[in-house]
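Morning, everyone. Please bring up the model on your screens, and we'll walk through two spots together.

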Amino acid sequence: MSEILRSMGTSVAPVDCMRSLSTDIFYDILRRLDGPTLASAACTCAAFSSISREEKLWEDVCSSLWPSTNREDVKYLISSIGGFRKFYADCFPLIVNKEVSEYQMNEFREYPEEWTETEYYGDMDEVESISPSDFISIVDIRYKEKTICSKVLWDIPNANSFNGWFYNCPFRIDLLTYAARDDDDYGEVIISVSDGLPPITSLERERKDGKLWQELRDGLQLSWIVVNKKMKQAANFASWSALGGQRHWPTDRDFVIRFGSILPAKDILPRQVVECILSTKFRVVQTEGEGIQTTLKLTEVSMQLEDMEGSHVNGRNSLLILKEALSCRRSKNYSEVLESCHLYSKVQDQLKEDKMRNESRLDRLCILCGITAFITFWYCVL
């Protein structure tokens, strides 16, 4: 054995340093890496740093992570706003916002006493400088690492409707409704047992153990990238993994999974922050039976913005918020992103409790005043 090893050692040329290797070998090594590993490798030596600037490497990384970027029109869009390397650097980190804290609760300005109508509903002159057609949505949904849906929406629907309807009504994007119009390969998006779903024989049993609901919530991943082609900026508005959801709503067959992020709204809304809610809805279309697999159908993918009090943000302010969010802080630490979302929910719950407490006090005061007035009236009469 030792003789064989010695003979092998004499037949292999020693490698003195990394520079003796071919650039093609370096490239072949780097093209097999995912985004975070590729970025780390670029910091190790000059050769890796130089090769890692190749757009083709980052195009492959983006294609693997977001299959919707494989489309030729999306490739052209990404190239026009700075290339795939910049696109990945902008969209891989998730939006994180920790500006909401408990001590700020009493510092918020209230509407309508301190906010004029122009302040609350937004300055129309500033909104007019933002074109809704400049916003593109690039959406990818995965279930257990398998892509089940990739859609691209090239503007904000109904933004140019008559009489300013969009600007004054609640902002909402229903992706499946509008993206399907320009999608040549549009069809039903379904997942089944072959995709990793647990089989269920009846909805009654699922209602008790919730196995299907738990597997769907834990296995689903969502990326919703918003691009402004005029500003040449992009950001991922999703939380990637689910933040929560509802079982069996509004019927026994529906599952709603919620994603999202906390966006800054400084000088736009009284509460200074809003929640971007990204919802997916799946419906059970088949349960396990003879020759039939458990099957779910994707029926809704939507985006909407809600303020701290749970009110929908109108289209006018939503455009301003989307614009500001494209340049806000981001983090590669997912736990930090979750922490910011949980902090928002905590402050929101506290705000609701304070509001209910104040309303309860006001109700008791009104009742007391009514009783006092009633007693006073009869006292005067008698």
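Start with Lys 229, in the loop between β6 (220–228) and β7 (233–236). Helices (H or I, at least four residues) and strands (E, at least two) are DSSP runs, numbered from the N terminus. A word on the source: this is a predicted model, where local features need pLDDT of at least 70, side-chain atom pairs count only at pLDDT 80 or more, and totals for chains, interfaces and linings use all residues. Residues are numbered from 1 along each chain as its sequence is written, and side-chain values use heavy atoms, leaving out hydrogens and water.

Buried means under 20%, exposed over 50%, partly exposed in between, with a 1.4 Å probe and protein chains only. Leaving aside residues up to four places away in sequence, Lys 229 touches Leu 77, Ile 81, Ser 133, Asp 134 and Ile 136. Contact here means heavy atoms within 4.5 Å. Ser 80 is 149 residues away along the chain, yet the two C-alpha atoms are 7.9 Å apart.

Now the rings. The whole structure has 5 aromatic pairs. One of them is Trp 58 with Tyr 88, tilted, 5.2 Å centre to centre and 40° between the planes. Rings of Phe, Tyr and Trp (its six-membered ring) pair if their centres lie within 6.5 Å; planes under 30 degrees apart are stacked, over 60 edge-to-face, the rest tilted. Trp 58 sits in helix α5 (residues 55–65), Tyr 88 in helix α7 (residues 84–91). Trp 58 is buried at 5% relative accessibility, and Tyr 88 is buried at 6%.

Tyr 88 also pairs with Trp 66, tilted, at 6.1 Å and 50°. Ring pairs join Trp 58, Trp 66, Phe 87, Tyr 88 and Phe 92 into a cluster.
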